[in-house]
Amino acid sequence: MLNLERLRTLDALARHGSVSGAAYGLHVTTSAVSQQMAKLEREVGQRLLARNGRGVRLTDAGRLLADHAARILSQVELAQSDIEAQRGEVVGEVRISAFPTAARGLFPATLTALRSDHPDLLVRTRELEPEQGLLAVLRGDVDLAVVLDWSNKRLPVPGGLTKAELLDDAPDIAMPAGHPLADRSEVELEDFAHDAWVSWPEGEFCYEWLMFTLRSRGIEPRIAHLAGEHHTQLALIAAGFGVCVAPRLGRGPIPDGVRLVPVRQTMRRHVHAVWRTDADRRPSLRAAVAALRAAGAGVAAAAG
């Protein structure tokens, strides 16, 4: 009989494309992955891996079994979801990730509602950027991820995942109080063609969005400073070191010396919840999505 954990290892190898990637996704050592694969090869009586330079690749038998493994693991997830759905109780544990401003703007209300409505449900949360959140859902590290994309740049969602909209977020441009445009009622991105920008770190989805958006409007961005936290970005703006995009979701107190002006050509961040489709019937997951939606509706109502 095939061992489920060894099939899970093979599935991780097929998805990540390397022993090190599979080890990272499964939170084990590379030697543990190699040992599991050696045992699986003995079980099936065929080679599943072949050397490929310094790495490995799946053999024909390996790819065949990996396809079956993906379906088997999906069926196991469905079985677990059906058992929970049949019981009908919101109990157990649900793990949720969100990018930082969503964690700050949505988690307090979400967790409060879940604690009140479902006291036997244990909720664990963590901050992850959108791409990391998607990977965590695929790996099974979290059950649900809050992610974002923009009206002009979508975040690709892999197959096998379900997405539900939570809210739209309309960011502003933050600038020093002494900026020539600080007294405007609206601005356009083209107005800042010669300004220095304070941006998210390179490689993050929102950094790529900013570069793409400015260049699409004929502006070659001059990125002066990189900071992951919006509070840090606004502190730099208050000190006169550039301008930045300032989302409204999760926005805290605005420092003295900073002005926020809406963009005439409205930019929208679309905030979504994403989870594995084969876990869709879990009552705990549905309760978490409902609580996030209610929190998102509250944020939208407060924004007017």
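In the lining of the largest pocket there are 8 nonpolar, 8 polar and 12 charged residues, where Ala, Val, Leu, Ile, Met, Phe, Trp, Tyr, Cys and Pro count as nonpolar, Asp, Glu, Lys and Arg as charged, and the others, Gly among them, as polar. The model is a predicted one, in which local features need pLDDT of at least 70 and side-chain atom pairs count only at pLDDT 80 or more, while totals for chains, interfaces and linings use all residues. Residues are numbered from 1 along each chain as its sequence is written, and side-chain values use heavy atoms, with hydrogens and water left out.

A pocket is an open set of points on a 1 Å grid over the protein atoms alone, where a 1.4 Å probe fits, with protein on both sides within 12 Å along at least five of seven lines; its lining residues have an atom within 4 Å of a point. A volume is the space filled by probe spheres set on the points, which are joined across faces, edges and corners.

| Pocket | Volume |
|---|---|
| Largest pocket | about 690 Å³ |
| Second largest pocket | about 170 Å³ |

Of the 11 residues lining the second largest pocket, Asp168, Asp169, Ala170, Arg248 and Ala303 are the closest to its centre. The lining of this second largest pocket divides into 6 nonpolar, 1 polar and 4 charged residues.

Thr9 is buried, with a relative accessible area of 5%, buried meaning under 20% (1.4 Å probe, protein chains only). Leaving aside neighbours within four places in sequence, Thr9 is in contact (heavy atoms within 4.5 Å) with Leu26, Val33, Gln36 and Met37.

Conventions. Buried means under 20% relative accessible area, exposed over 50%, partly exposed in between (1.4 Å probe, protein chains only).
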